[in-house]
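The points below go through it topic by topic.

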Amino acid sequence: MEATLIRKLPKVELHLHLDTSVPVETTRKFLALQGKPVPEPLEDFCVAPAKCINLVDYLNRIDTALDALQSPEAIEETAYLLTKALADNNHIYAEVRYAPNLNIRNGNSVQEILDASLRGFEQGRKDFCVEVGTILCTLRHFTPEFNSLVSELAIKNRDKIVGFDLAGDENQPGIIQKALFDKIHAAGIPVTIHAAEAWGPERLKEALDVLHAVRIGHGVRLEEDPELMKRVIAEQIPLEMCPTSNVQTNATHSFATHPINRYLKAGVAVTVNTDAYTTTPSDLTGEYEVLVKTFDWGFKEIRQTQETAIRNLFVSEGKRKEILAEFQRRWNNVMEEPVISGI
Ligand SMILES: [Zn+2]
């Protein structure tokens, strides 16, 4: 299946970070506006190599973009440009996440940062017809006190965001953040957590049993615990897998060793995502292209993983029906094209 055809297919995406999706030239622009030096070649400071040492090495590649993302203007423009990149992949809807306490070094409040991203997404919705839901992130390696800036923001802005996440260095157990996640859960905000990416399946179990997660970011190492895998299948807990990023962070050695195809065949609720549009130089078309090439995926697997994603979006049931209907309408349009239908 050609990339041009994959690109035409309608899509949703669950797992994508704003601060790993700053275009290189946007980073340049907002570094210069702050009078900060621009390291060269800038691309090497913004795009992680195909193989990093580990997750922490990958995360360090975000620092330059974060230096640039220290104003509401930079956040708004990045959010707007990301909706355009999503539209270029025929997205209907995406959930985009970030930790706004990483963007307040110049004295802005997390509320000002959140409002700026929402303005960017809203303008993108009007201009490119892609809707974005916001997931707010806390980070494992931050203290609960610093993370509480974001959890309080989430609760105060319950109607403007769709979910809550724990990301960052997985060496740190999540239980330290339990009190925050109890409050988020009590406020009715759905939780997704990065787990079993850079650490074993015990982090995934902790996410489900201690931190109220209903979706899991990555979950690459789930199969190391067969009992837990049985449970994840039985409860249809969705995994937000990001193949290119998972290879970059060494969560798995290569595309060929990536467990996504094994998981799909075993009945895991697998979804396909990018994680990033810049740090990982990918888009959702590219992720599916890799899966088509590596595992011989076709329309069946693409549709199945997309419908799993739609079933697990953090949206109201009414909105879910709307997105599913739009997905089916656009899917059928592509299938009716003469080159595919054989007319
Ligand atoms: Zn992620």
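**Salt bridges, metal site and pockets**

1. The side chains of Glu40 and Arg28 form a salt bridge, with N and O 2.8 Å apart. Please keep in mind that the model is a predicted one. The pair joins distant parts of the chain: Glu40 sits in the loop between α2 (24-33) and α3 (42-46), whereas Arg28 belongs to helix α2, 12 residues apart. Arg28 is partly exposed, as its relative accessible area is 27%.

2. Asp209 and Arg231 also meet through their side chains in a salt bridge, again given as 2.8 Å from N to O. Asp209 is in helix α10 (residues 202-209) and Arg231 in helix α11 (residues 226-234), so this contact ties together parts that are 22 residues apart in sequence. Asp209 has a relative accessible area of 44% and is therefore partly exposed. Arg231, with 24%, is partly exposed too.

3. Lys293 pairs with Glu289, and their closest N and O atoms are 3.7 Å apart. Both residues are in helix α14 (residues 284-295); because they are four residues apart, about one helical turn separates them. Lys293 is exposed, at 67% relative accessibility, while Glu289 is partly exposed, with a relative accessible area of 26%.

4. Some salt bridges share partners, and these join Glu95, Arg97, Asp165, Arg215 and Glu240 into one network. How many salt bridges does the structure hold? The count is 28.

5. Which residues coordinate the zinc ion? The donors are NE2 of His15, NE2 of His17, NE2 of His194 and an OD atom of Asp275, at 2.1 to 2.4 Å. Along the sequence, the donor residues follow the spacing H-x1-H-x176-H-x80-D. Two of them, His17 in strand β1 (residues 11-17) and His194 in strand β5 (residues 191-195), link distant parts of the chain, 177 residues apart.

6. The geometry of the zinc site is irregular, the angles among its four donor atoms running from 82 to 170°. For comparison, the ideal angle at a metal with four tetrahedral donors is 109.5 degrees.

7. The largest pocket has a volume of about 440 Å³. It is lined by 25 residues, and those closest to its centre are Leu59, Ile62, Leu139, His141 and Gly168. The elements that contribute two or more residues to this lining are α4 (55-60), α5 (63-68) and β3 (131-139). Among the elements, α4 gives the most, with five residues. By type, the lining of the largest pocket has 13 nonpolar, seven polar and five charged residues.

8. The second largest pocket has a volume of about 150 Å³. Its lining consists of Ile92, Arg125, Cys129, Val130, Glu131, Lys319, Glu322, Ile323, Glu326 and Arg330. Helix α16 (residues 317-335) gives the most to this lining, with five residues. The lining of the second largest pocket divides into six charged and four nonpolar residues, with no polar ones.

Technical notes: Residues numbered from 1 in each chain as written. Predicted model: local features only at pLDDT ≥ 70, side-chain atom pairs only at ≥ 80, totals over all residues. Heavy atoms only, no water. 1 Å grid on protein atoms, 1.4 Å probe; cavity = no way out; pocket = protein on both sides within 12 Å on 5 of 7 lines; lining within 4 Å. Points joined across faces, edges and corners; volume = space filled by probe spheres on them. Nonpolar A, V, L, I, M, F, W, Y, C, P; charged D, E, K, R; others polar. Donors = N, O, S within 2.8 Å, 3.2 Å for Na, K, Ca; no water. Tetrahedral: all angles 85-135°; square planar, octahedral: opposite > 155°, others 65-115°. Salt bridge = Lys/Arg side-chain N within 4 Å of Asp/Glu carboxyl O. Buried < 20%, exposed > 50% of the residue type's maximum accessible area, 1.4 Å probe, protein only.
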